[in-house]
Structure formats: C-alpha cells, structure tokens
Amino acid sequence: IASRVASDPNFALLGDFTISTQGLAGNRFERTDTPIGDKPYPFLEVGQVYRYVFEDTVVKYTDLSDKKSLQTFYDANPKILIRRVINRQDRLMSAFTDRQMVFKKDINPFIITNDTWHPYFVLGILNSQLVSYLYVNTSSIATKDDFRQTTLAELRRLPIPRQNLKEPSHQQVVTLVERMLDLQEREATAKTAQE
C-alpha cells in the first residue's frame, strides 16, 4: 500500500514540503529560569505532544545566539510537532504551535516551507488512523522494541494527499482540525467539569 501511495501523483511526501529536525538534548544547553544571552529562547523542560495537544508543563530559557542554523526550527512560526514515541494504540502523536520555543529531544518540529499547504490540513492527515497504520507497518524500527519510535527519515517519507481546499472534503479537514484545536484550548482553561 505505502509504495503505491508514495508513487501516486495525488500525494506528496511530508519531507517534500517541510523542513524538520530532531528536538535538542537539554544537557547540551545551559538552561535558566529567566531569559539569558542575545537570543533567548524558551526551552521546553517538561512537556509532551498528544493528538492535537501541545502540553508545556515546565519552561526554562536558553541562548541560541551562537546556533543560527537551529533558530529557524524554534522561531515563532507555524509548525507541526510530532512526538518521537508512538503511543500504545500504535498512533502517531501530532500537535500544532506557532510559539517560539526549543523542544526537547523527543519532540520533532516540522515547518511547512510551501504556503500552498495549510498546516491544519497536514495536521489532520498526520493524526489520522490511516497514516499511523502506514507508518507502523512500513517502518523499519517502529516495531523493534517495547517503546515504538519514529525516525525523522521515515516521517519525511510519509505520503500526504495533495491539498485542494476547493475540494469540500479537504476544506472539511481544516474546519474539523480548527474546531478540535479550539475545543482542546477551551478544555485546558475550563474551570468546572460542566465546561
């Protein structure tokens, strides 16, 4: 299935229209409670990515002034975050953020470089059951140990349907993802069980 989909002109590989990197190991960077240096960036000390949810539990600061090549991935621009570890239901975990932040090593940021792709459309596809099925069943390492993991190389080869927002079903994906993100945000700030 995967090879047939990958060669279909109605699909593009995720790596064809994004740039991506692995999150950074915290022990390689000085982290402080307040901004430091000429290029201070928030650093995700504790947090996680779930389907449509980016959780930032503890945020510190680090200085990227001498790491210009890394800044692009952590600047305040729209990005899709993919968790390195696959969940127990064999699902990829993806979320959206446009915040400036350095992510720890188990969160990989993907930045869309072609503005004809809507990040919410791509996010909806990545969180679909079909893409998780394709990934787990074609990955060379995903099923090797108890903690199933992704690799950047294999994520970049994921086939994504070419977006056409004039197509009602494609526009519906964007609308549903917008609603999902809005509901997740409202749930996070809810004060009562009823909310």
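Trainee: How many salt bridges does a search of the whole structure find?

Mentor: The search finds 7 salt bridges, a salt bridge being a side-chain nitrogen of Lys or Arg within 4 Å of a carboxyl oxygen of Asp or Glu. This is a predicted model, in which local features need pLDDT of at least 70 and side-chain atom pairs count only at pLDDT 80 or more, while totals for chains, interfaces and linings use all residues. Residues are numbered from 1 along each chain as its sequence is written, and side-chain values use heavy atoms, with hydrogens and water left out.

Trainee: What makes the pair of Asp-33 and Lys-60 a salt bridge?

Mentor: Their side chains meet at 2.6 Å, N to O, so the pair falls within the cut-off. Strands here are DSSP runs of E with at least two residues, and helices are runs of H or I with at least four, numbered from the N terminus.

Trainee: Why is Asp-33 called exposed?

Mentor: Asp-33 has 58% relative accessibility, and exposed means over 50%, buried under 20% and partly exposed in between (1.4 Å probe, protein chains only). Asp-33 therefore counts as exposed.

Trainee: Are Lys-104 and Asp-106 buried or exposed?

Mentor: Lys-104, with a relative accessible area of 18%, is buried, and Asp-106, at 15%, is buried as well. Their side chains meet in a salt bridge at 3.8 Å, N to O.

Trainee: Why is helix H3 described as mostly covered?

Mentor: Of the 8 residues of H3, 8 are buried. They are Pro-119, Tyr-120, Phe-121, Val-122, Leu-123, Gly-124, Ile-125 and Leu-126. What covers them includes S5, S6, S7, H4, strand S8 (159–161) and H6.

Trainee: What makes a group of residues a nonpolar core, and which residues have the most contacts inside the largest one?

Mentor: A core is a set of buried Ala, Val, Leu, Ile, Met, Phe, Trp, Tyr and Cys residues joined through side-chain atoms within 4.5 Å. The largest has 28 residues, and Leu-14 and Leu-126 have the most contacts inside it. At least two residues each come from strand S5 (79–83), strand S7 (107–112), helix H3 (119–126), helix H4 (129–138), helix H5 (152–156) and helix H6 (168–189). H3 gives the most, with 6 residues. Apart from this core lies another, of 19 residues, among them Phe-29, Leu-44, Phe-54 and Phe-73.

Trainee: Which residues is Leu-14 in contact with, leaving aside its neighbours within four places in sequence?

Mentor: Leu-14 is in contact with Ile-82, Phe-110, Val-122, Leu-126, Leu-155, Arg-156, Leu-158 and Ile-160, contact meaning heavy atoms within 4.5 Å. In soluble globular proteins, nonpolar side chains tend to be buried together.
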